[in-house]
Amino acid sequence: MSVREEFDAWATSGKDRGMEDRHWHTAKHVLARMPVEAGDAVLDLGTGSGYALRALRERGIARGYGLDGAPEMARNARSYTDDADVGFLVGDFDALPFADDSLDHVVTMEAFYYASDPHNTLEEVRRVLKPGGTFYCAVNYFEESEHTHGWQANIAVEMTLWNREQYREAFRDAGLHVAAQDTIPDRDIEIPPADAFPTDSWETREAMVDRYRTWGTLLTVGVVP
Ligand code: SAH
């Protein structure tokens with residue numbers, strides 16, 4: 001199944017807003033760390049409902065571009081804001097429709113591992129960023145967070161499962177300096193008391209704690225020399 005088929009279906013069934021609510025728990029911390037300044041142009045890869053750009057516009061960026069491979073995602077994102085300085089476009093992580101050295105920052109939340117060739121995507125990110133530009137890459141699906149590994153079985157698009165070191169190495173291979181790497185725990189999700197387990201989604205409380213409080217979101221920050 002293609003990105004378009006898989007995620008158009010998610011958008012039409014309202015999963016875009018559901019993801020926004022859940023991802024916000026850690027995405028808000030990722031966005032707060034971005035060194036955006038008034039006048040900056042920012043690209044959001046796999047924008048979903050477009051919430052990241054709506055939040056960054058409140059911090060004064062001049063222009064936000066939300067790229068998504070699923071037209072229904074881009075269409076929904078457009079309908080959630082009438083801000084003319086945020087644009088949504090349909091495209092693929094394989095070939096970013098931006099000129100060399102044209103953007104101040106790129107951000108991506110819970111989307112990078114869907115890239116069909118993640119190394120090429122990193123090179124594309126490097127290409128479109130200006131010197132000194134940053135890439136904030138946030139993923140919940142990564143090697144150390146073992147209770148996320150089952151997601152692949154529910155998603156028809158092939159996913160890349162890297163560990164922390166593999167992210168840093170791939171960033172360096174693409175010519176990005178690794179400025180920071182960190183895991184951001186999800187402290188907002190409610191974890192029921194032990195006697196509530198198993199739940200519909202979790203066998204044990206320990207597994208849920210490991211997924212959210214221990215690991216949460218892996219953030220790797222790259223800077224263009
Ligand atoms: N960033 C949003 C959405 C995450 S879901 C959030 O945090 O909620 C992942 C998104 O990436 C989906 O909207 C999907 O359509 C998009 N996507 C996945 N693979 C893609 C690719 N290869 N090119 C462009 N968009 C892609």
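The buried residues of helix α4 (residues 71-79) pack against α1, α2, β2 and β3, with contact taken as heavy atoms within 4.5 Å. Those buried residues are Pro71, Met73, Ala74, Asn76 and Ala77; here buried means under 20% relative accessible area, exposed over 50%, and partly exposed in between, using a 1.4 Å probe and protein chains only. Helices (H or I, at least four residues) and strands (E, at least two) are DSSP runs, numbered from the N terminus. All of this comes from a predicted model, in which local features need pLDDT of at least 70 and side-chain atom pairs count only at pLDDT 80 or more, while totals for chains, interfaces and linings use all residues. Residues are numbered from 1 along each chain as its sequence is written, and side-chain values use heavy atoms, with hydrogens and water left out.

Helix α3 has its own covered side. Tyr51, Ala52, Leu53, Ala55 and Leu56 are buried there, and their cover includes α2, β1, β2 (63-68), β3 (86-90) and β4. After α3 comes Gly60, with a positive phi near 100 degrees.

Strand β4 (residues 103-109) is mostly covered, with 7 of its 7 residues buried. With strand β1 (residues 41-45), β4 forms 4 parallel bridges, and Leu43 sits opposite Val106 of β4. With strand β5 (residues 129-139), β4 pairs in the parallel sense over 6 bridges; Val107 has Tyr136 of β5 as its bridge partner.

On a 1 Å grid over the protein atoms alone, a cavity is a set of points where a 1.4 Å probe fits but cannot get out, and a pocket is an open set with protein on both sides within 12 Å along at least five of seven lines; lining residues have an atom within 4 Å of a point. Grid points are joined across faces, edges and corners, and a volume is the space filled by probe spheres set on the points. The whole structure holds 1 cavity of 30 Å³ or more, and the largest cavity has a volume of about 30 Å³. Its lining consists of Ala27, Val30, Leu31, Tyr51, Ala52, Val107 and Met109, with α2 giving the most, 3 residues. By class that makes 7 nonpolar, no polar and no charged residues, where Ala, Val, Leu, Ile, Met, Phe, Trp, Tyr, Cys and Pro count as nonpolar, Asp, Glu, Lys and Arg as charged, and the others, Gly among them, as polar.

The largest pocket has a volume of about 880 Å³. Of its 44 lining residues, Trp10, Met19, His23, Glu110 and Tyr114 lie nearest the centre. Again α2 gives the most to the pocket lining, here 8 residues, and the classes split into 18 nonpolar, 14 polar and 12 charged.

Glu110 lies in the loop between β4 and α5 and counts as buried because its relative accessibility is 9%. Asp101, in the loop between β3 and β4, likewise is not a glycine and has a positive phi of about 50 degrees, but at 46% relative accessibility Asp101 is partly exposed.

Conventions:
Two strands pair if DSSP finds at least two bridges between them.
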